[in-house]
Amino acid sequence: MPREFVLVTRRMPDTDDLRAAAATCGVENAKIARARDGALELVLDVADRVVLSVEYTQVVAVPDEVERLAPAAASVLPGEVFWTEAWARDDPSAESTASAEIGARVAAALALRCDGVCVLEDGSLA
């Protein structure tokens, strides 16, 4: 099962943000690949392993919607925000577990870089 994150940010993440967040977390020379006709971006390490999958970003203009879906984020970022869902691969192998941890760090770094927060699966903030 992948680990799921929601990035709630003041500005929309772009490719440069993805690369910079990856580099901040030790993923040097990260590649960004597009999938699903551009609806998904994959952050790949130098061995072409997927570190983080990032879905197309949507604007959420209704604060009540963020409050309903991610109350912890709504309390920190009231008003209109950008909503981006992301996943890090998580399975029992040691290599994949390390990759999932790196993916989680990249997601948190990406949210911070875009003036926002990273919401974990349990609703808490990273």
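Two strands pair if DSSP finds at least two bridges between them; strands (E, at least two residues) and helices (H or I, at least four) are DSSP runs, numbered from the N terminus. The model is predicted: local features need pLDDT of at least 70, side-chain atom pairs count only at pLDDT 80 or more, and totals for chains, interfaces and linings use all residues. Residues are numbered from 1 along each chain as its sequence is written, and side-chain values use heavy atoms, without hydrogens and water.

**Exercise 1.** Determine which strands pair with S3 (residues 40–44), and in which sense.

*Solution.* 
1. Strand S2 (residues 31–35) pairs with S3 in the antiparallel sense over 5 bridges. Here Leu44 of S3 has Lys31 opposite.
2. Strand S4 (residues 50–55) also pairs with S3 in the antiparallel sense, over 5 bridges. Leu52 in S4 is the bridge partner of Val43.

**Exercise 2.** Identify the buried and the exposed residues of helix H1 (residues 15–24).

*Solution.* 
1. Asp17, Leu18, Ala21 and Ala22 are buried in H1.
2. Seen down the axis of H1, these buried residues fall within an arc of 130 degrees (taken from the directions from the helix axis to the C-beta atoms), so they line one face of the helix.
3. On the other side of H1, Asp16 and Thr24 are exposed.

Key
Buried < 20%, exposed > 50% of the residue type's maximum accessible area, 1.4 Å probe, protein only.
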